[in-house]
Amino acid sequence: MASPSQQLPPGWTAEWDPASQRYLFIQASTGRSQWEVPTPAPAQLIDHAPSVSPPPSTTHHGKRRQYAAGQTQAYYGAGDALGDQYGGLNVPQQQQPAATAQLFTPGLAAEGGFAGQQQVPQASYYAPQQEPQYINAPGFGQEPTYHPPNAPIHHLTDQFGQMGMGQRPLHLTTTNLLTSPPDPRELARPPPEIRLPANACITTSPYANADPSYQRCTVNAIPTTSSMVNKSKIPLGLVITPYRTLKEGEPPVPVVTDTVIARCRRCRTYINPYVQFIDNGNRWRCCMCSMSNEVPQLFDWDQIRNQPGDRWARAELNHSVVEFVAPTEYMVRPPQPAVYVILIDVSHTAVQSGMVATATRTILENLDRIPNEDERTKVAIIAYDISLYFFSMPPGTTESTMLVVSDVDDVFLPKPTDLLVNLTEARQSLESLLGRINDMFQDNHTVGSAMGPALQAGFKLMAPIGGKIMVLSSSLPNVGAGSLKNREDLKILGTSKESGLLQAASPFYKTFAIECSRAQVSVDMFLFSAAYQDVASLACLPHYTSGQTYFYPAFNAARSEDAIKFAHEFGEVLAMPIMLEAVMRVRASKGLRMASFHGNFFVRSTDLLAMPAVPTDQSYAIEIQIEDTLTQPFVVMQTAVLHTTCHGERRIRVITLALPTTSSLTEVFASADQVAIATLLANKAVERSLTHKLEDARDAVHQRLVEILSSYKSSMTSAGAGANAQLAISENLRMLPVLVLGLLKNVGIRQSAQIPPDLRAYAQALLTTLPSQTLIPYIHPTFFSLHSMQPEAGTVGEQGVILPTPLPLTSERLERHGLYLIEDGQTIFLWIGRDAVPQLVMDVFNLPNYEVLRGGKTTLPVLDNDFSRRVNAIIQKTREMRRGVYYPHLYVVKEDGEPPLRLWALSCLIQDRADVLPSYQQFIGQLKDKVNGANNY
């Protein structure tokens with residue numbers, strides 16, 4: 001056993017830790033502590049301490065680099081410093097934070113409170129602050145400005161440095177839900193930090209652990225046994241968005257281009273920052289199965305400069321998210337070109353609604369944005385009503401010929417060539433055709449839709465290659481294969497039979513989808529009908545082929561807002577850099593198993609997910625089971641997606657997440673990620689509503705929340721006299737009840753007899769595909785007061801446009817003279833009170849007073865006054881700030897306006913009572929009664 005009598009390097013002291021029955025060694029100058037006996041750093045490393053990469057070895061290079069044992073030990077032992085530049089959030093390093101760190105840490109709330117950790121004094125959340133800008137009353141309480149943590153960058157690195165030490169458990173702070181109302185700002189905070197054991201990671205890179213926007217777990221400390229998971233009741237799962245878009249300023253995913261891919265011989269894990277190098281660096285030990293593997297010959301060779309390279313500079317050892325260029329053994333066939341087959345409904349309703357004109361114009365305007373770097377991209381256009389219309393476009397001409405196939409029962413291709421054409425070679429004839437399609441069908445009075453046969457034709461056209469089919473449909477398919485009947489029955493809405501309407505009515509849509517998946521064909525649906533369209537059946541195609549469904553009910557291009565929304569979203573989908581021929585597998589440390597999968601894909605074998613074309617910003621949820629007791633100090637979960645880029649390169653994207661293990665229930669609760677839990681629960685609820693009933697889905701979500709609260713009460717709180725008078729939960733799960741309430745009130749699973757099946761089915765499609773960043777506002781909308789926002793709101797700051805402080809989602813905050821913004825990522829409501837002063841109406845809407853203002857879908861004018869510019873900037877930022885192609889409509893809602901629109905907007909205020917659904921206070925009361933009842937018998 002180590003003792004203080006041993007010779008310690010200068011500046012180190014030893015303290016006896018009675019809990020661990022061993023000495024803890026502390027470096028006085030930095031406050032850094034460790035269990036291992038400190039050793040003096042080798043002299044040659046001192047000058048290089050701030051560097052992320054250790055210095056190159058001075059030994060002779062043979063075929064393979066040799067690493068001196070002392071240098072390797074010094075590297076593993078931990079560099080003392082970290083680079084100044086830091087860009088990640090949830091990243092393990094090996095350094096204790098400086099005592100002066102000013103960043104708020106969720107687990108440290110009790111050690112001085114949130115306000116105490118801010119550099120700017122924090123006002124009370126409900127305190128009045130200033131007079132409203134537009135006022136028609138003596139004045140009223142206004143939200144204080146929320147000052148985000150503004151710690152210097154070195155404080156940020158110090159703060160997260162402590163993750164690497166692992167000797168100090170996460171601090172658990174209990175909060176009483178009955179006395180602490182939900183604070184929407186908490187949803188923007190990062191998840192609880194990941195505190196890995198010392199030396200778990202071989203790099204000090206800030207990117208060594210996955211950013212939560214790529215991959216996040218429902219708990220950031222994995223229980224060692226399944227019985228602990230069952231006791232905590234927190235569902236164990238991963239939320240993965242492997243191809244999230246990059247916002248401005250975000251680092252791109254590093255690409256390893258030398259095709260040297262080191263993988264474990266036994267479990268096939270890709271080398272990552274959590275492996276160990278042994279045998280003087282000649283071998284590496286897998287972090288999942290502990291297998292010893294040889295380091296590839298060219299791993300330490302710089303192929304670009306043709307000289308020995310720096311191993312420690314390799315991207316896969318410093319980054320948790322990397323992309324490898326795959327060698328030929330990862331290919332079943334040569335990389336295929338990107339193929340787009342666009343099926344356009346040209347029936348009477350489609351032409352009259354303006355959909356055909358808007359679609360063809362959008363394709364024409366976005367031809368340059370369709371991925372075509374290698375000039376191999378192929379395109380075909382097929383129009384359909386009750387017949388199919390093919391267009392032959394010979395390359396090098398401006399002419400195109402229409403070929404009509406009326407026999408939709410036995411679909412065939414009327415011509416072997418020139419239907420699927422090279423985008424570059426046939427550009428002129430394609431442009432000419434797109435300019436004429438709407439005119440060709442302008443007087444088409446045919447009503448009916450042979451969508452199924454059109455899908456079969458598109459499939460025949462592209463099956464040898466694979467690619468993406470985009471279907472634009474304005475009516476219920478009623479001719480040929482996959483024809484559907486109107487099964488909307490108002491009498492069964494709100495009953496136990498309603499879930500039948502959310503399942504596919506025809507087996508064609510699942511069997512055809514699986515056929516598509518096998519041929520690497522993905523399907524996107526764009527649906528426009530004003531009448532029943534059976535979204536539930538049609539959404540099956542994207543669901544099994546990794547596509548996406550877009551819904552524009554009662555689309556009318558005569559309303560410019562409808563045309564702009566569709567053109568924006570369709571254009572973004574056309575321009576999206578899709579990943580083709582993809583398969584995804586998630587591997588995990590021994591003892592963990594991927595149990596069930598949620599999202600848009602087809603499960604090809606037990607854990608291989610087939611995705612013909614992966615869109616960006618689509619999310620997947622995976623439930624995890626603990627099969628054996630975990631004995632290792634940390635576990636690793638690695639997602640690998642093998643795909644072809646749309647410019648014809650075979651690649652593997654690898655996302656690695658390392659999490660500590662714990663046998664402490666306290667740490668499990670303190671590390672729980674409420675956003676990931678809500679995302680997983682949304683996926684599970686939708687699946688249960690389809691396999692069982694909607695009511696079962698609601699009950700299951702509600703029951704899971706009750707179980708988590710009951711477990712917390714019995715395990716984490718003392719059963720004193722006042723225990724039943726409160727509803728306790730950890731501070732980091734404080735928003736979970738309101739997120740669950742938002743989910744229970746979401747259109748996808750809400751108890752109601754008024755929700756059309758199409759709207760419900762579309763909401764369910766969103767709940768299972770949106771990434772957490774977009775899903776959370778969808779179930780917990782954002783609510784701003786605009787008339788009394790702080791002066792800087794709507795102006796440009798360091799991070800772009802500054803948004804107002806979000807308000808709690810209750811109508812108690814609506815003032816009769818106010819202007820408010822409510823949005824859920826899909827729709828934006830501008831609520832205006834009936835006593836709004838004329839000046840406010842004039843400044844925002846350019847109208848003399850409230851009476852002449854009309855409610856409904858609108859485009860806000862940009863006027864020459866400061867307030868108008870700020871409101872428009874906030875709306876613009878709201879539309880652009882989240883990942884995804886969605887362009888929300890803007891509705892003006894008058895306080896005394898049309899009841900349906902008012903009720904729709906008010907339904908976003910989920911803390912209010914609505915119909916048979918409880919208010920937040922009632923919901924918390926019900927939870928308290930159930931939790932206390934559960935513990936009393």
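How are H16 and H17 oriented relative to each other? The first legend takes this up; please keep in mind that all views come from a predicted model.

**View 1. Helix H16 (residues 674-691) packs against helix H17 (residues 694-716).** The two axes lie 7 Å apart, at an angle of about 150°. Angles over 145 degrees count as roughly antiparallel. H16 and H17 are therefore roughly antiparallel to each other. As for handedness, H16 passes H17 in a right-handed crossing. On the H16 side, look for Leu681, Ala685, Arg688 and Ser689; their partners in H17 are Leu694, Asp696, Ala697, Ala700, Val701 and Arg704. Sorted by class, this contact holds six nonpolar residues, one polar residue and three charged ones.

**View 2. Here H16 meets H20.** In this pair the axes are 10 Å apart and the packing angle is about 75°, which means that H16 is roughly perpendicular to H20. H16 brings Val675, Ala678, Thr679 and Ala682 to the contact, and H20 answers with Ser772, Leu775, Ile776 and Ile779. Six of the residues in this contact are nonpolar and two are polar, with no charged residues.

**View 3. Helix H8 (residues 355-365) crosses helix H9 (residues 427-440).** Their axes come within 8 Å and cross at roughly 165°, so H8 is roughly antiparallel to H9. The crossing of H8 past H9 is left-handed. To find the contact, follow Val356, Ala357, Thr360, Ile363 and Leu364 along H8, then Glu431, Leu434, Ile437 and Asn438 along H9. The contact of H8 with H9 comprises six nonpolar, two polar and one charged residues.

**View 4. Helices and strands both contribute to the lining of the second largest pocket.** Among the helices that each supply at least two lining residues are H14 (560-575), H19 (757-767) and H20 (772-779). Strands S22 (549-551), S36 (856-857) and S37 (889-894) also each supply at least two. Helix H23 (899-906) belongs with these contributors too, and gives the largest share of the lining, five residues.

Terms used: Residues numbered from 1 in each chain as written. Predicted model: local features only at pLDDT ≥ 70, side-chain atom pairs only at ≥ 80, totals over all residues. Heavy atoms only, no water. Axes fitted to C-alpha atoms, helices over the stretch in contact; angles between N-to-C directions. Helix = DSSP H or I, 4+ residues; strand = E, 2+ residues; numbered from the N terminus. Parallel < 35°, antiparallel > 145°, perpendicular 65-115°, else oblique. Left-handed = near helix turned anticlockwise from the far one by under 90°. Contact = heavy atoms within 4.5 Å. Nonpolar A, V, L, I, M, F, W, Y, C, P; charged D, E, K, R; others polar.
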